Amino acid sequence: MSWLERIAPAPVGPALAVIFAVLIAASVLVAIIARRRPCASSDELALRVRSWWFMISIFALAIVLSPVVSTVFLGFVSFLAFKEFISLIPTRRVDRVVLFFAYLSIPAQFTFAHLDWYGMFVVFIPVWGVLFLAMLMVLRGQTDGFLRAIGTYSWGLLITVFALSHTAMLLAGGQAWNPGGGGAGLLLFLVGLTQFNDVAQFTWGKLLGRRKIIPAVSPGKTVEGFLGGVATTALVAALVGPYLTGMDWPWSLVAGAMIAVAGFVGDVTISALKRDLGVKDSGGLIPGHGGILDRVDSLTYTAPVFLHFYRFFFVG
Amino acid sequence: MVRLLRLGFFALIVRPLLMLVLGTNIRHRERLPAKGPAIIVANHNSHLDTLALMAMFPLKRLDDLRPVAAVDYFDKGGALAWFAKHIIGIIGVRRGQGGEGNPLAPAEAALDAGRILILFPEGTRGEPERLARFKKGVAHLAKARPDTPVTPVMLHGFGKALPKGTILFVPFNCDVFVGEAFRTDGTVDGFMTRMESAFETLTAEAGPAGWD
């Protein structure tokens, strides 16, 4: 076994190598565009690609190091997303204790996922978390604004913590579900295709975009971008799915199309949130991308959708 | 030894807390004074404010930073006073006009030694995320050392993460807005007008951050 295979065993190692090759190609392409037609949007594009280098490198490193490091990393992303959400929305001072407990649910939830304790993982936040937070708020005794507060906190927790923790569950549970590629193979399939789909929908929209698909929420999104993204993502999924997930190519194609559609829905859902709050980006954490929620918006939908799709059809 | 403790406290506790857990975002970092003597004036809502302002600067400048606080901090004595004086590096000044001599003498001496002073002109920590009336001490200090640049800084979000009267720390995204430096025109009233307009500009940039 070579040293390369030891630190990055197949199929994850070669898959990461392909991702980095794509990244290098993107960097070269952006450099060429910047030289031919330097403008504000080419600067923005260069900034975005540079941030991709950071994000993909950190993600790859976490995946390669160990399952514990990966889970801590995924939990930290979830923490950042929840913090960004809580900082964006109006909150009541009396709810600081409630929010403190909401934060505590993050390490607990990711621990359940890491322990491959599916039964607890799947009820902890939607059942216990939501019931407990409402109880805590009632005990604090301020009913003014109660309904809006419990609604926003619960939804934020479901989207940024429960939904995103499906990535960690996929990683831990996948060891048994997917003997060939393991949890890392499933996670790479999900995250890689989700992010690829974002780029594909953006690119097709720029190239062919004519008809707006949902102008009231996200004026930049077009029917052509959406369909082009779904087709490209499904195609790539059919190519890599058998290798990473153990599904045959037709099933992989379906999974890829589902990820593409779910990713679109996640994207526009966070857009609706931002539009309601009157902000353009959810934060300024990632140069060229915005905040962390801007980057994981699609993943908040694709992670649960892909995990439950895979479990339903492939885990007995 | 104390210097090592101080460095360790900032490198291992303050910076990771502010960067990783809070995720403090500094806007216009380039407007910060590169060297002393200089004065930083900021709004005050949280125990975290002093630490956040000190963490904006590179670690190697730590020895130059001197927060200014009312001397009653030290009067209580004990571990907290030792910590404030040696680890944070606070300079104590007496409150109000009473007493003999120049109450600002220690602050002036620090400026003469080329330090960067950190002051909270609101006096005490006010209502979270709400600007209180400024006190005039810093205007007198600027009058005594008229060449010293004064950099206004708006802290945003810290009063939600750790407001007055609680020890429960809850993470919120925090922002630090650094304004353009200004100098005194030689009068107390003129200085106050400049400082107030500098904070109005920063408030407009920062937007609202209060509780619902």
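Me: Which residue forms a salt bridge with A:Glu44, and how far apart are the closest N and O atoms?

Reply: In general, side chains of opposite charge can pair when their charged atoms come close. In this predicted model, the partner of A:Glu44 is A:Arg48, and their closest N and O atoms lie 3.4 Å apart.

Me: How many salt bridges does a search of the whole structure find?

Reply: Over all chains, the search finds 14 salt bridges. Between chain B and chain A, however, the count is zero.

Me: How should I read the size of the interface between chain B and chain A, and what area do they bury?

Reply: The size of an interface is often given as the accessible area lost when the parts come together. Here chain B and chain A bury about 1,600 Å² between them, and 55% of this lies on carbon and sulfur atoms. The contact involves 20 residues of chain B and 18 residues of chain A. Eight residue pairs are in polar contact between the two chains, counting pairs with both residues at pLDDT 80 or more.

Me: Which helices of chain B each supply at least two residues of the side that touches chain A?

Reply: They are H1 and helix H7 (158–161) of chain B. The largest share, three residues, comes from H1(B). By type, the residues on this side of chain B divide into 13 nonpolar, four polar and three charged.

Me: At what angle do helix H1 and helix H2 of chain B pack?

Reply: Helix H1 (residues 2–22) and helix H2 (residues 48–55) of chain B pack at about 100°, with their axes 10 Å apart. Angles of 65 to 115 degrees count as roughly perpendicular, and H1(B) and H2(B) are therefore roughly perpendicular to each other.

Me: Which residues make this contact of H1(B) with H2(B)?

Reply: H1(B) contributes residues including B:Phe9, B:Phe10, B:Val14 and B:Leu18, while those from H2(B) include B:Leu48, B:Leu51 and B:Met54. The residues of this contact comprise 11 nonpolar, no polar and two charged. B:Arg6 and B:Arg15 of H1(B) are also among the contact residues.

Terms used:
Residues are numbered from 1 along each chain as its sequence is written. Chains are lettered from A and ligands numbered from 1 in the order in which they are written. This is a predicted model: local features need pLDDT of at least 70, side-chain atom pairs count only at pLDDT 80 or more; totals for chains, interfaces and linings use all residues. Side-chain values use heavy atoms; hydrogens and water are left out. Axes are lines fitted to C-alpha atoms, for helices over the stretch in contact, and angles run from 0 to 180 degrees between N-to-C directions. Helices (H or I, at least four residues) and strands (E, at least two) are DSSP runs, numbered from the N terminus. Angles under 35 degrees count as roughly parallel, over 145 as roughly antiparallel, 65 to 115 as roughly perpendicular and the rest as oblique. Contact means heavy atoms within 4.5 Å. Ala, Val, Leu, Ile, Met, Phe, Trp, Tyr, Cys and Pro count as nonpolar, Asp, Glu, Lys and Arg as charged, and the others, Gly among them, as polar. Buried area is the accessible area (1.4 Å probe) that two parts lose on being put together, summed over both. A salt bridge is a side-chain nitrogen of Lys or Arg within 4 Å of a carboxyl oxygen of Asp or Glu. A polar contact is a pair of N or O atoms within 3.5 Å; within protein, one must be able to donate a hydrogen and the other to accept it, and residues adjacent in sequence count only if both atoms are side-chain atoms.
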